[in-house]
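Hi everyone, thanks for coming.

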Amino acid sequence: MTDGAMTPADTTATFCATLVDEWARAGLTDAVVSPGSRSTPMALALVADERVRVHVHHDERSAAFIAVGVGRASGRPAVVLTTSGTAAVELHPAVVEAHHDKVPLLVVTADRPPELRDVGAPQTIDQVHLFGRSVRAYAEPGVPIEATREQWRSVAAQAVIDAVTSPPGPVHLNLSFREPLLGQVGVLPGGRPGGGPWHGRPGPAAARAGIDADVLADAVEGCNGVIVAGGGIGDPDAVHALAAALRWPVIADPRSGCRVPRAGTISHADAILRVPEVAARLRPDVVLRLGSLPASKVLGQWLAASGAWQLGVEADGLVFDPDRVLASVLTAEPGAFCAQVSESLRRDRAGSVAAPGDWFDAWTAADAEAASAIRATLAAHHEPTEPAIARDLMAAMPDGSHVMVSSSMPVRDVEWFAAPREGVTVHANRGANGIDGVVSTAVGIALATGAPTAVLVGDIAFLHDTNALLGLARRPLDLVIVVIDNDGGGIFSFLPQADALAPAAFETLFATPHGVDPGAIAGAHGLPVSRVDHQDQLARLVRSAVGAGGAQVLVVRTDRTENVAVHRAVHAAVATALAPDPDPAPDRSDR
């Protein structure tokens with residue numbers, strides 16, 4: 001077929017094939033497609049390109065979070081494709097998460113042509129700028145016509161650049177297609193010689209703030225300081241190297257990659273800082289905050305009240321400062337910046353930079369005492385407890401694996417109670433901190449990496465995302481879904497509402513028991529289900545599930561009231577270990 005013989009349907013097919021070719025040239029490897037009619041030309045183009053793995057999912061909301069999981073794990077944007085109408089609206093929760101947590105994503109919505117808008121045509125809504133300010137860029141190239149063919153590659157390549165440029169995030173392409181939707185692909189517009197993308201990607205972001213490594217080295221020399229390592233750190237070794245040179249502790253969020261067995265790793269800051277005398281004794285002069293914020297409210301409040309000089313370092317210059325205490329935010333990749341500061345210290349200040357006295361030892365001793373108290377307290381419980389579930393899951397996963405952790409209590413239990421270890425990458429949807437799409441995101445991570453993956457999720461979050469189970473038994477992945485089933489919203493039992501309201505009102509409005517068996521739902525989707533009745537079963541069942549491959553579900557039944565008691569018992573044990581004389585006040589924090 002020659003270009004001159006192309007019908008409008010052929011032009012549409014060629015347009016879609018061009019976009020997919022350009023995306024593949026830019027490194028895109030995965031697309032998640034939800035079935036629909038208007039999106040037919042793009043769906044066929046994606047399937048026809050062998051460089052792109054296409055994952056079909058019935059539910060658009062779940063499909064979008066699978067694409068988020070792919071982007072989160074790989075750093076490459078995945079396409080999520082829907083038809084027009086409310087199907088496109090279903091993508092919004094995932095778009096918001098990708099926006100806030102800097103996950104690259106290509107959102108492709110099919111649309112009716114302009115003549116069918118605002119005239120009551122079926123499955124037609126206003127999709128123009130549908131996601132508002134939650135996207136990095138929006139493009140609507142119009143109905144494909146031959147006159148615009150030389151622009152097609154630029155449209156596709158620019159979408160990828162916008163999705164990965166600092167800060168990464170979602171990009172929305174709204175593509176209008178006229179019927180007929182089935183055409184033949186003609187000759188594509190010529191691409192760049194050598195097979196590269198039409199537009200090159202920008203280089204890595206350089207430090208652009210007014211504080212350079214030498215200035216920071218001057219500011220921190222001989223100070224009592226701490227490094228708070230959150231999500232988004234590219235070189236954890238550099239962070240620990242700087243900490244060792246300064247003799248500063250590293251309060252390491254599990255997502256940071258810094259929560260490894262090193263001398264200065266602090267894994268139990270939340271428990272330590274609940275003891276007022278210890279929190280006061282360990283107050284720093286300087287805080288270096290890297291990446292996004294850990295989940296612990298106790299840590300956040302301590303930092304806000306510390307009076308320390310605090311510097312934020314974030315790769316894209318985003319401000320993670322809800323308490324407005326940062327002196328400055330430096331735009332740099334945190335690990336690379338730590339390496340620069342270490343080099344400045346080695347070059348100009350050899351041997352004179354460490355924190356004075358027993359600052360480092362006081363922190364590491366407190367963490368060791370807290371770890372010992374946590375282990376002993378949890379070991380006394382033979383029935384499953386939520387802190388021990390988080391701790392044992394992290395210990396049981398093999399090297400090279402990934403763990404997706406739900407918001408609400410699971411992310412906190414991993415942060416507060418899991419021991420340091422290497423070889424496991426921790427993920428969480430902490431951009432908007434919601435419980436949307438948790439299992440779906442884990443599916444995307446498993447598909448993108450091909451590595452053993454686990455997801456730790458509460459029953460409410462699991463029920464929010466049961467459509468993630470559609471077709472899951474047939475997907476080529478290695479995924480263990482650990483569901484903590486306490487028949488309701490367990491985190492609310494820690495809030496003041498639990499004590500202030502009558503039990504019936506609290507149960508109705510906050511605890512919201514559902515009476516649904518997560519295992520039965522998983523079984524209905526053809527997934528193997530195991531019940532965990534004793535804590536010592538969990539690690540064995542996790543290892544067995546990982547070894548078997550496929551997708552499997554472990555359901556662990558807990559009690560919400562007992563869970564509060566266990567958390568308080570752990571914190572009380574840590575308080576006794578660190579400050580045995582005072583009688584600590586009951587833990588009433590709202591998480």
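Let's begin with helix α11, residues 297-305, whose buried residues are Val298, Leu299, Trp302 and Leu303. Buried here means under 20% relative accessible area, with exposed over 50% and partly exposed in between, using a 1.4 Å probe and protein chains only. Looking down the axis of α11, those buried residues fall within an arc of 130°, so they line one face of the helix. That arc is taken from the directions from the helix axis to the C-beta atoms. Helices are DSSP runs of H or I, at least four residues, strands are runs of E, at least two, and both are numbered from the N terminus.

Some housekeeping: this is a predicted model, where local features need pLDDT of at least 70 and side-chain atom pairs count only at pLDDT 80 or more, while totals for chains, interfaces and linings use all residues. Residues are numbered from 1 along each chain as its sequence is written, and side-chain values use heavy atoms, leaving out hydrogens and water.

Back to α11. At its start, a side-chain oxygen of Ser296 comes to within 3.3 Å of the backbone nitrogen of Val298. After the helix comes Gly307, with a positive phi near 75°.

Of the 24 lining residues, Leu293, Pro294, Ala295, Pro322 and Asn433 are the closest to the centre. Which element gives the largest share of that lining? It's α11, with five residues. A pocket is an open set of points on a 1 Å grid over the protein atoms alone, with protein on both sides within 12 Å along at least five of seven lines; a cavity is a set where a 1.4 Å probe fits but cannot get out, and lining residues have an atom within 4 Å of a point. Points are joined across faces, edges and corners, and the volume is the space filled by probe spheres set on them.

Now the cavities: there are four of 30 Å³ or more in the whole structure. Is Ala269 buried or exposed? Ala269 counts as buried, because its relative accessibility is 6%.

How values were computed: Polar contact = N/O pair within 3.5 Å; in protein donor to acceptor, adjacent residues only side chain to side chain.
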